[in-house]
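The structure is shown first, and the description follows.

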Amino acid sequence: MDRAVRILVMGINHRTAPVELRERVAFDPEQARRAAAELTRSAHVGQPLLREAAVLSTCNRSELYAVPDHNAAETIPALRDYFAAFHRLPLAVLEPSLYVYQDAGAVRHLFRVAAGLDSMLLGEAEILGQVREAYQRAFANGTTGPVLNRMFQGALEAGRRVRSQTALGAGPMSVALAAVKLAEQIFGRLRERTALIVGAGTVGEQLVEHLRNRKIQHLLVANRSWERASGLAARFHGEAVRWEELSRVWARPDIVVTSLAVQEPWLTRAELEKAMAARGNRPLFVIDLGVPRNVEAAAGTLYNVYLYNLDSLAEIVEQNRRARQQEIPRAEQIVEEHVARFEAWWAAAEMVELLRTLRHQGTVPDAAALEQRLERMHELSPQERRDLRRTAEELLALARLEPEAQLRQVPALRERVRRLDLVRDLFGITKGTV
Amino acid sequence: MPTSIAALLLYAISLVLYLWLLYTNRPWVGVSATTLLAGGLLVHYFSLMERARALDSVPYQDLSGSLSLFAWLLALTYLGLEMFHRQRSVGAFVVPVVFVLALFSTVFTPHQPPAPPEAHSTVFALHVTLNVLAYSAFAIAFVLSVIFLLQNRMLRDRAPGRTFWRFPALELLERMSRSSVAVGLLALSVGIVLGLIVSRDVRGRFWSNDPKELISVLILLGYTAYLWLSRTTRWRGARASWLCVINFVVVLFSLTIVNLYLSEFHRYF
């Protein structure tokens, strides 16, 4: 008898597939619901392929978590075909990128994903929310069952613990976020602060987004051309400032973000010195995102001026990346703890089912044999027949009582028959049924 | 003395938790650190009361008692500051000082010289307590200023370290330092006035030109200058923090050299 698969995950992620392929096999919420429903309904291949199913789809991964319904040997190829067909892709295109993990491997995979250990950006926070959403969707849709419920709850728990107990998610990992975090180290909360945005680029726009998320009070937007400035100001919900009038607003901003495409620094030390005088030397955080640089390097030595350029911010991000990597062993350890916890639960749950089957298997044939005997014993009164039946049942129950009690009460024994394959083989129980 | 040992133990555990908090940032660690510090304060209070009853005076006459009182007021001031600004990351720097002071106070076994007659009055007790409170507030402002200067250095060098992100913002450090100095100034002003009253009762005159009196007024002026300058164009930021650090050096000078060698009537405070 080959070993049956009881939990599996099939999918692709940023490591196995390029973004073009990932985009083609992404499931939107509606598709995720439909796929899980189709796979757990009997309509698909006559008999339902899966007992439980949940789809996790983010921009970096598309994964199908499944509990096969019956003899699971054919489930994997069938699931593979379904995956390809669902996205109208030839299997040959999908297959090289597809990975499959089984049982404890599948559990560990989900737990690592939730912890941010499998993310493209190590330790990122969003994935935990995405796992939660995927689970809630599948749960609401009724495609999860005891196994996946427990597994996803365990994953969320592991993810939360990794976040709170390790520094895997600590320290900003993007230039824009690093800049905003630095601003917070200088000013504290940014609610009552003003930022001046000069020019615009990708990083600059991310930065503005972060500033707006932190409810910065004012955004001033300046550009060499008035049209550009007013256009950007409208987009950022800020206030446009004319280039010629820039020197007049210097008292206002606490944070300056500049990303102009210029050959020579436009913000000189002398200019900043005037600005600092205008603002009574209140701290000024200058973020120079320009290449070549927008701000004269010497300006960084001015009192209460904090000047950062793209290189210095990138260096901080790199340091944080290294610090996060040092946290991997601790995070993996937490994941392993939770995997072990899940496996213990799983073994116990399977045992309960097994005992139920054992009882059923013992009773049915014995009861049939007893009936045959009773048929032949004509001299018995109905009362005696009833008594005899009950006695036989009690004797059978007694015979099973010992191993049942042992399995329930002795953890070490449970550990030994954890997979329960031995017991199954002994009693000739087919695996699909348990 | 069992109560002082118990207080010491609580401070020690609290100190470990504050240090750990700097690395892990787990909320329960912070809450436990604060709780244990508060517990230490309470036990320490009973220890101080025990000693005060035995002396029938504020414990100030011997090194052990004065260090103990200082440690207690330092912990108290810090706890107040922590609650007011809702900021725990400074604990890792203040609680070690509390612990060392409390440790010294238990190590130097008190021989408890009998308190002089003037030491039994309420005014005298308030004078000592308020002045020690002022010094503990200044000690905290000193620690905050040092953290400010370190963090300011890291920011300006563009080299934030790993625990850097756990420190309070520069602005908050400044505000905490200022409020701490404000409390200290208030306590010191009232404490000095009470001291003058004690002086009149004991020596028949308010002012005796004692070095301790002079340096106390200097300290008062120094911190007033800090409070004022820290909001001006030229001084705000690192320069004001340096001033705060230097002021505390003067305080230390007053508490050591002046008390031991120069003053006629102050031994430990």
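Which residue is the bridge partner of A:F285 in β10(A)? The partner is A:Y306. The model is predicted: local features need pLDDT of at least 70 and side-chain atom pairs count only at pLDDT 80 or more, while totals for chains, interfaces and linings use all residues. Residues are numbered from 1 along each chain as its sequence is written, and chains are lettered from A and ligands numbered from 1 in the order in which they are written.

Helices (H or I, at least four residues) and strands (E, at least two) are DSSP runs, numbered from the N terminus. An open sheet of 6 strands in chain A has the order β7-β6-β5-β8-β9-β10, with parallel pairing; two strands pair if DSSP finds at least two bridges between them. Strand β9(A) is joined to β10(A) by 5 bridges.

| Strand of chain A | Residues |
|---|---|
| β7, edge strand | residues 239-241 |
| β10, edge strand | residues 305-309 |

Helix α8(A) lies across β8, β9 and β10 of chain A and runs at about 170° to β9(A). Angles run from 0 to 180 degrees between N-to-C directions, and axes are lines fitted to C-alpha atoms, for helices over the stretch in contact. Two residues are in contact if their C-beta atoms, placed from the backbone, lie within 7 Å.

The axes of α8(A) (residues 175-187) and α9(A) (residues 202-213) come within 8 Å and cross at roughly 45°. On the α8(A) side, the contact residues include A:V175 and A:L177, and on the α9(A) side they include A:V203 and A:L207.
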